[in-house]
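Reader: I am new to protein structures. Could you show me how to read the inside of one?

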Amino acid sequence: QVQLVESGGGLVQPGGSLRLSCAASGSIFSINTMNWYRQAPGKQRELVVAATRGGSTIYVDSVKGRFTISRDNAKNAVYLQMNSLKPEDTAVYYCNARQYVSYGGGDYWGQGTQVTVSS
């Protein structure tokens, strides 16, 4: 089992910045990728960025150049630095941990944190 706790959401003006944090606990050794998803009202949840334990990352096109994921394996944490925020970035952001297939390939989710970009 893996537990995830997120923090750092809030209200920010367009062009502003926020930093989201996700702390993992439990079976940390079983985690392969740690990812950020978001879900806007009336829309499906979408992958924002994925980061493997080895450091490879994949970003959705809409956030490239603005968002940066960082992963601290020693602290079992992952962060999402969001710059130049736009109203369309408004969503609930979820931290996700995906296990190695050898450990069952399970998906674990945080509780979500609201990010609102508005003037």
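**Core, cavity and pocket**

Author: Happy to! Keep in mind that this is a predicted model. Let us begin with the largest nonpolar core: among its 30 residues, those touching the most other members are Leu4, Trp36, Phe67, Leu80, Met82 and Tyr93. Two or more residues each come from strands E1 (2-7), E3 (18-26), E4, E5 (46-52), E7, E8 (77-82), E9 (91-99) and E11 (113-117).

Reader: Why would such residues gather?

Author: In soluble globular proteins, nonpolar side chains tend to be buried together.

Reader: Which residues does Tyr93 touch?

Author: Leaving out residues up to four places away in sequence, Tyr93 touches Trp36, Phe67, Leu80 and Met82, among others. Its contacts also include Glu6, Arg38 and Thr113.

Reader: How many cavities of 30 Å³ or more are there?

Author: A search of the whole structure turns up one. The largest cavity has a volume of about 50 Å³. Strand E4 (31-39) and strand E7 (67-72) are the elements giving two or more residues to its lining. Ile31, Met34, Arg71 and Asp72 are among the lining residues. By class, the lining has five nonpolar, two polar and three charged residues.

Reader: And what is the volume of the largest pocket?

Author: That volume is about 170 Å³. Of the 13 residues lining the largest pocket, Arg38, Ala40, Lys43, Glu46 and Glu88 are the closest to its centre.

Reader: How does the lining of the largest pocket divide by class?

Author: Two of its residues are nonpolar, four are polar and seven are charged.

Conventions: Residues numbered from 1 in each chain as written. Predicted model: local features only at pLDDT ≥ 70, side-chain atom pairs only at ≥ 80, totals over all residues. Heavy atoms only, no water. 1 Å grid on protein atoms, 1.4 Å probe; cavity = no way out; pocket = protein on both sides within 12 Å on 5 of 7 lines; lining within 4 Å. Points joined across faces, edges and corners; volume = space filled by probe spheres on them. Helix = DSSP H or I, 4+ residues; strand = E, 2+ residues; numbered from the N terminus. Nonpolar A, V, L, I, M, F, W, Y, C, P; charged D, E, K, R; others polar. Core = buried A, V, L, I, M, F, W, Y, C linked by side-chain atoms within 4.5 Å. Buried < 20%, exposed > 50% of the residue type's maximum accessible area, 1.4 Å probe, protein only. Contact = heavy atoms within 4.5 Å.
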